Structures are given as C-alpha cells and as structure tokens.
Amino acid sequence: MKESNSKKTEQNKIKDECFKQTEWGNIIGFGRRFVLMAIDNLGEERKRFTELIGEQATEAILYSSGKRAGMQASEKMRKIFMNNLDSSVKTTNDDRVDSNLEVAVKHLNLADDMGWGYVNYYAVSKDKLEGEIIDCWEAEAYLSAYGKKSEFPVCHFTRGFGAGLASAYLKKDMEAIELECLAMGHKKCKMLILTKEAFEKIKK
Ligand SMILES: [Zn+2]
C-alpha cells in the first residue's frame with residue numbers, strides 16, 4: 001500500500017526542516033510545541049469523557065476540537081506547502097486541479113509523518129475528498145481503552161481534523177464522515193470530506 005518514495009522524501013524534508021528540539025528536550029514544530037504521548041493514555045481519556053458526559057457529547061467535542069485543530073494547522077502550513085507545490089500529489093483530476101485543493105491533499109497526506117497512521121487522501125473534486133488511514137491512532141486508542149470492537153466509527157478527532165483542514169484551504173464549510181473504521185473491525189478507516197450542504201443531506 002505504500003506510495004512512491006517521492007511522497008516520503010518530500011514529507012521527510014518538510015518534517016526535518018520544521019521539527020526541532022530545544023536544549024531542554026521540548027519538541028517545537030511549525031512554531032508550536034508538540035508532545036509524545038502513548039495512545040492508550042488518549043484512549044483512556046476518551047473513555048472517561050464518555051462515562052462522564054456520554055457518547056454523543058464526547059463525539060461532538062472530539063469532532064469540533066479536531067476541526068478547529070485542522071483549521072489552525074492549515075494556517076501554519078499553508079506557506080510551506082505553497083512554496084513546495086509540485087506534481088507529486090495524487091489526484092484524480094490532474095489537469096484542472098485547484099492549487100488550494102492540491103495543498104489540502106498534500107497536507108492531509110502529511111499526517112502519517114505525525115504518526116497518525118498511513119494516510120492517503122484523494123481529491124475527487126473541489127467539493128469532495130476521500131481518504132483512508134491504515135492503523136489510525138484514534139481507532140487503536142479506542143481498542144486499547146475498551147478492549148473490544150465498536151459498533152460505530154470512533155475516529156471523531158481525526159475526521160474533524162480533515163474537515164477543518166479542508167474548510168480552511170477550500171474556503172468553504174466542509175464536514176467529514178467516517179465510512180469504515182478499524183475499531184469496528186474494518187481493515188482501515190475510510191473518510192469522506194464533503195460540503196456542509198451535502199453532509200446535511202446525507203445525515204437526513
Ligand atoms: Zn476509525
């Protein structure tokens with residue numbers, strides 16, 4: 001499933017250029033501090049939230065905070081990607097790809113360098129992006145905390161992140177749906193990012 005090395009080479013370059021450690025050991029990337037944290041800690045955190053406030057409220061909080069994080073990330077990364085635009089991005093409409101859409105896909109594809117899983121996003125059009133994540137951290141965190149499969153998709157922060165990032169780059173309100181999830185027993189997590197209008201229609 002691994003893609004050509006060109007994607008990796010470019011991502012490694014961006015990562016190497018952007019992540020530094022201070023003399024104290026703090027990890028600074030894209031002007032912000034990052035931490036390494038075990039996913040089972042994050043899974044436990046999610047589980048406690050669910051016990052306290054319920055599944056629906058937990059989903060809403062994770063999704064909206066993911067969306068906000070995606071929007072913030074796009075602000076930080078836009079310049080870097082705009083300076084690194086080339087044809088290595090994988091899209092299904094190569095001839096008329098909009099540069100914002102191209103950058104959004106590039107940015108989403110970078111997530112595997114952050115340890116989120118192996119990520120592949122495809123720009124189907126300016127109104128729709130499809131993606132898949134192998135070994136998604138959020139699904140694994142869920143399985144670790146609950147010790148059993150879920151009956152529904154669980155990667156709400158990740159899904160929200162994709163929606164926020166796409167919203168910022170495409171300058172329209174985008175939402176995301178998780179169609180398949182590792183935590184449900186599927187081989188990978190499959191995401192669909194689409195306009196708010198299309199999302200509302202599907203939800204009905
Ligand atoms: Zn998932």
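Trainee: Fine. How far does the predictor trust this chain?
Mentor: This is a predicted model. The protein chain averages a pLDDT of 85. At least 70 is reached by 83% of the residues.

Trainee: Where is the pLDDT below 50?
Mentor: Over residues 87-97. That stretch has 19 contacts in the model beyond near neighbours in sequence.

Trainee: On to strands. Which strands make up the open sheet, and in what order?
Mentor: The order is S1-S2-S3, and the pairing is antiparallel. At the edges sit strand S1 (19-21) and strand S3 (32-34), each pairing on one side only. Neighbouring strands in this sheet are turned by 35° against each other on average, ignoring direction.

Trainee: How many bridges join S1 to S2?
Mentor: There are 3 bridges between S1 and strand S2, residues 27-29. For one example, Phe19 has Gly29 in S2 as its bridge partner.

Trainee: And what about S4 and S5, parallel or antiparallel?
Mentor: Antiparallel, over 7 bridges. S4 covers residues 118-125 and S5 covers residues 128-134. Tyr121 has Gly131 in S5 as its bridge partner.

Trainee: How many residues lie between S4 and S5?
Mentor: The number is 2, and the two strands form a hairpin.

Trainee: Which residue in S7 stands opposite Leu129?
Mentor: Ile193 does. S5 also pairs with strand S7, residues 189-195, in the antiparallel sense over 6 bridges.

Trainee: What comes just after H2?
Mentor: Gly54, which takes a positive phi of about 95°.

Trainee: Last topic, Leu192. Where is Leu192 found?
Mentor: In strand S7.

Trainee: Why does Leu192 count as partly exposed?
Mentor: Because Leu192 has 19 C-beta neighbours inside 10 Å. Buried would take 20 or more, and exposed 12 or fewer.

Trainee: Which residues does Leu192 touch?
Mentor: Leaving out residues up to four places away in sequence, Leu192 touches Glu130, Ala176, Ile177 and Leu179.

Trainee: And how far is Leu192 from Gly162?
Mentor: Their C-alpha atoms are separated by 9.0 Å. Along the chain, Leu192 and Gly162 are 30 residues apart.

How values were computed:
Residues are numbered from 1 along each chain as its sequence is written. This is a predicted model: local features need pLDDT of at least 70, side-chain atom pairs count only at pLDDT 80 or more; totals for chains, interfaces and linings use all residues. Two strands pair if DSSP finds at least two bridges between them. Helices (H or I, at least four residues) and strands (E, at least two) are DSSP runs, numbered from the N terminus. Axes are lines fitted to C-alpha atoms, for helices over the stretch in contact, and angles run from 0 to 180 degrees between N-to-C directions. pLDDT is the predictor's confidence in each residue, from 0 to 100. Two residues are in contact if their C-beta atoms, placed from the backbone, lie within 7 Å.
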